[in-house]
2 protein chains.
Amino acid sequence: MGPYAGLDLFEKVLDHTEARTDQDHLPTLVASFPHRIPNRSAFLNGEVDLNPAEPILDLLGRLEEAGAAVAGIPCVTAHAPQIIDVVRSRLHTEGRRIRLLHIAEETVRFIRETYPAIRAVAALSTTATFRRRILLDPIEAAGFEVVEQDMEVQTTLVEPAIFDPEFGIKAYSKPVTEAARDLVLRAVARLEEQGARAVVLGCTELPLAVPETHLGDTVFIDPTTVLARALIRECAPARLRPWAGR
Amino acid sequence: MGPYAGLDLFEKVLDHTEARTDQDHLPTLVASFPHRIPNRSAFLNGEVDLNPAEPILDLLGRLEEAGAAVAGIPCVTAHAPQIIDVVRSRLHTEGRRIRLLHIAEETVRFIRETYPAIRAVAALSTTATFRRRILLDPIEAAGFEVVEQDMEVQTTLVEPAIFDPEFGIKAYSKPVTEAARDLVLRAVARLEEQGARAVVLGCTELPLAVPETHLGDTVFIDPTTVLARALIRECAPARLRPWAGR
């Protein structure tokens, strides 16, 4: 829901569509209304009362009226059950036709279909997403073995890689600093020692530091790429590019 | 109207908005319906009968219903009078509230306001846009001295820079080849010899080869950047970043 996350999702929809001409690309609407969507973490932390589910529902209604049949939200935090369950249930009770994909459920499906041999999965993310288990719960519910980082790895490697004002990815993303990438890869190494075979890069910033689909035996999953591919699959499965990763 | 042109416009709207938080960004809708917009050149060449004005009007109507107050089309060819004049007149007679900016008129305004000392302006583009004077006529109508390339420059430098299958920008855009950039800069040098002080890079590909805002005494104008800035100016002038070019 950061506007650059919407831009990233749009670009990935285009990049993963099999298209030889402009006309081969899928009809796409991008709605970026950041001033209307309150900070998701602030709501989850009890700092604001308005559930972002309300403005999200309004936006989905507008997209449906403009012709959208299927939608995705490129923000893991918005998939906390306190938000997304309200959105889903209201879409259902109001009889809306638009179908909303779920970024964590699609990530689980992608791992199962693309890497059927993998059993042990980890997820790197902000500490808020990690603590709330927004990705970990759906991964566990799908029957994977969840490999969970120590809180020390979270606070000394992952958090500074994302947020450090001197070298973190939020401050320096084009290009990402060597220091930030190094911290992420050290966190990945710890998860590998614990047995993880797939690592979900569960916030917008981390795939910028690790753009590879795999390193050694470990595969990396970018939920925004997964969501882009799921949107194409739902609209026009024949136009979905074969997966180019390992 | 190529979908990547829409992505490019969206990115430039974000990049040129003064924003410290996600919530500071402007409400934005991107509608990419390439399968419904017939090839603009094919219509102008008489190869198809359907004026792209019709589907463009339909899209603008959908955007208006979804809340858009001002719109821009990131495609110079769609601004041929046979298309855009139909769109404008129908928006007017149907009493639509959405305001449609004009990429060539905004380009003229941008040059006048940003570079008030410049009198002689050139425009590089595809041969179709050049022959139809889609950019040159509005530049001339605004009182600038139009510096026009020889057809030899157009066919031996500009066309291969864009279209050559071995090194052209359409085939290789990330990154652009040295050969393509070299051809564009040779065309620019010829225009400078003819007295041009500003060169409009009038198709989606050319700004990829010359991302600079100026080289030496010559300034470069990217109409998509100009359109992005005009959209911000119309919606929230206080959020328009100061122009970072020379």
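Rings of Phe, Tyr and Trp, the last by its six-membered ring, count as a pair if their centres lie within 6.5 Å. In this predicted model, that rule picks out 4 aromatic pairs over all chains. Phe110(A), Tyr115(A) and Trp243(A) come together as one aromatic cluster.

A pair of aromatic rings is described by the distance of the centres and the angle of the planes. For Phe110(A) and Tyr115(A), the centres sit 6.3 Å apart with 75° between the planes, an edge-to-face arrangement. Both partners, Phe110(A) and Tyr115(A), are buried. Phe110(A) also pairs with Trp243(A): here the centres are 5.0 Å apart and the planes stand at 85°, so this pair is edge-to-face too. As for accessibility, Phe110(A) has a relative accessible area of 10% and counts as buried because the cut-off is under 20%. Trp243(A) comes out at 24% relative accessibility, so it is classed as partly exposed.

Helix α5 of chain A also holds Thr107(A). With a relative accessible area of 1%, Thr107(A) is buried. Setting aside residues up to four places away in sequence, Thr107(A) touches Val200(A), Ile221(A), Pro223(A) and Val226(A).

Now for the way the two chains are arranged. Two copies of a chain are related by a rotation about an axis and a shift along it.

His25(B) is placed in the loop between α1 (3-15) and β1 (28-32) of chain B, and its relative accessible area of 7% makes it buried. Leaving out neighbours within four places in sequence, His25(B) is in contact with Pro3(A), Tyr4(A), Pro34(A) and His35(A) from chain A, and with Leu14(B), Thr17(B) and Ala19(B) from chain B.

That leaves the empty space inside. Rolling a probe the size of a water molecule over the atoms shows where empty space is left. The count comes to 2 cavities of 30 Å³ or more. The largest cavity holds about 40 Å³ of space and is lined by Leu29(A), Arg62(A), Leu63(A), Ala66(A), Leu29(B), Arg62(B), Leu63(B) and Ala66(B). Helix α3 (53-65) of chain A and α3 (53-65) of chain B each supply at least two residues of this lining. By class, the lining of the largest cavity has 6 nonpolar and 2 charged residues, and no polar ones.

The second largest cavity contains about 30 Å³ of space. Its lining is made up of Ala123(B), Ser125(B), Thr129(B), Phe130(B), Arg133(B), Ile134(B), Leu135(B) and Leu136(B). Sorted by class, the lining of the second largest cavity divides into 5 nonpolar, 2 polar and 1 charged.

Methods:
Residues numbered from 1 in each chain as written. Chains lettered and ligands numbered in written order. Predicted model: local features only at pLDDT ≥ 70, side-chain atom pairs only at ≥ 80, totals over all residues. Heavy atoms only, no water. Phe/Tyr/Trp six-rings, centres within 6.5 Å; stacked < 30°, edge-to-face > 60°. Buried < 20%, exposed > 50% of the residue type's maximum accessible area, 1.4 Å probe, protein only. 1 Å grid on protein atoms, 1.4 Å probe; cavity = no way out; pocket = protein on both sides within 12 Å on 5 of 7 lines; lining within 4 Å. Points joined across faces, edges and corners; volume = space filled by probe spheres on them. Helix = DSSP H or I, 4+ residues; strand = E, 2+ residues; numbered from the N terminus. Nonpolar A, V, L, I, M, F, W, Y, C, P; charged D, E, K, R; others polar. Contact = heavy atoms within 4.5 Å.
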